[in-house]
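Biologist: I would like to learn how to read a few features of a structure. Please take them one at a time.

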Amino acid sequence: MDTFIVKAKLRRFNTPLSVVTGAVVGGQYAHQLLTYGVPVSLTAGCALAIFAAVRVAVGVLLERLSGETYRCEVIGCGFRVRLTGTDAGESRRWQEIALAHPTHNHRH
Ligand SMILES: [Zn+2]
């Protein structure tokens, strides 16, 4: 399968996948805490925090997997371009721009 199609599907399903994953993990923690007799108010707070953390982590991971990142190849230069939703031609142009950008900002 074409990588652009896979990446487009990852972008399309980013929100539902991250929300469902966060809800499942948060729900499992809530269930475990309730079986140990933890009060509902504490369990709800923990479950919501776990839901939010997992939802953001999965969302960032899927966003990274669904995009392209091009970096300058000059040693010490931190210039990079991250793209999502581009076709092959546009992606190639940004790759060339990243390789030939005019000013290198060195990180020390
Ligand atoms: Zn550079």
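Biologist: Leaving aside its neighbours within four places in sequence, which residues is Ser66 in contact with?

Modeller: Contact means heavy atoms within 4.5 Å. By that rule Ser66 is in contact with Lys7, Leu10 and Arg11, once its neighbours within four places in sequence are left aside. Keep in mind that this is a predicted model, in which local features need pLDDT of at least 70, side-chain atom pairs count only at pLDDT 80 or more, and totals for chains, interfaces and linings use all residues. Residues are numbered from 1 along each chain as its sequence is written, and side-chain values use heavy atoms, with hydrogens and water left out.

Biologist: Where is Ser66 found, and is Ser66 buried or exposed?

Modeller: Helices (H or I, at least four residues) and strands (E, at least two) are DSSP runs, numbered from the N terminus. Ser66 sits in the loop between α3 (40-65) and β1 (68-71). For burial, under 20% relative accessible area is buried, over 50% is exposed, and partly exposed lies in between (1.4 Å probe, protein chains only). Ser66 counts as buried because its relative accessible area is 2%.

Biologist: Which backbone oxygen does the side chain of Ser66 reach?

Modeller: That of Glu63, at 3.1 Å. A polar contact is a pair of N or O atoms within 3.5 Å; within protein, one must be able to donate a hydrogen and the other to accept it, and residues adjacent in sequence count only if both atoms are side-chain atoms.

Biologist: How many cavities of 30 Å³ or more are there?

Modeller: Rolling a probe the size of a water molecule over the atoms shows where empty space is left. On a 1 Å grid over the protein atoms alone, a cavity is a set of points where a 1.4 Å probe fits but cannot get out; lining residues have an atom within 4 Å of a point. Grid points are joined across faces, edges and corners, and a volume is the space filled by probe spheres set on the points. The count here is one cavity of 30 Å³ or more, and the largest cavity has a volume of about 40 Å³.

Biologist: Which residues line the largest cavity?

Modeller: Ser66 is one of them, and the others include Phe4, Lys7, Arg11 and Gly67. Helix α1 (residues 3-12) gives the most to this lining, with three residues. By type, the lining divides into two nonpolar, five polar and three charged residues. Ala, Val, Leu, Ile, Met, Phe, Trp, Tyr, Cys and Pro count as nonpolar, Asp, Glu, Lys and Arg as charged, and the others, Gly among them, as polar.

Biologist: What does the domain assignment give?

Modeller: Domain bounds come from an automatic or database domain assignment. Here the assignment gives domain 1 (3-65) and domain 2 (68-99). Their C-alpha centres lie 31 Å apart, and five residues of domain 1 are in contact with seven residues of domain 2. The lining of the largest cavity draws at least three residues from each of the two domains.

Biologist: In the segment after α4, is His101 buried or exposed?

Modeller: His101 counts as buried because its relative accessibility is 8%. Its side chain makes a polar contact with the side chain of His104 (3.2 Å). Not counting residues up to four places away in sequence, His101 touches Cys72, Cys77 and Phe79.

Biologist: And Thr103: buried or exposed?

Modeller: Thr103 is placed in the segment after α4 (88-99), and its relative accessible area of 59% makes Thr103 exposed.

Terms used. On a 1 Å grid over the protein atoms alone, a cavity is a set of points where a 1.4 Å probe fits but cannot get out, and a pocket is an open set with protein on both sides within 12 Å along at least five of seven lines; lining residues have an atom within 4 Å of a point.
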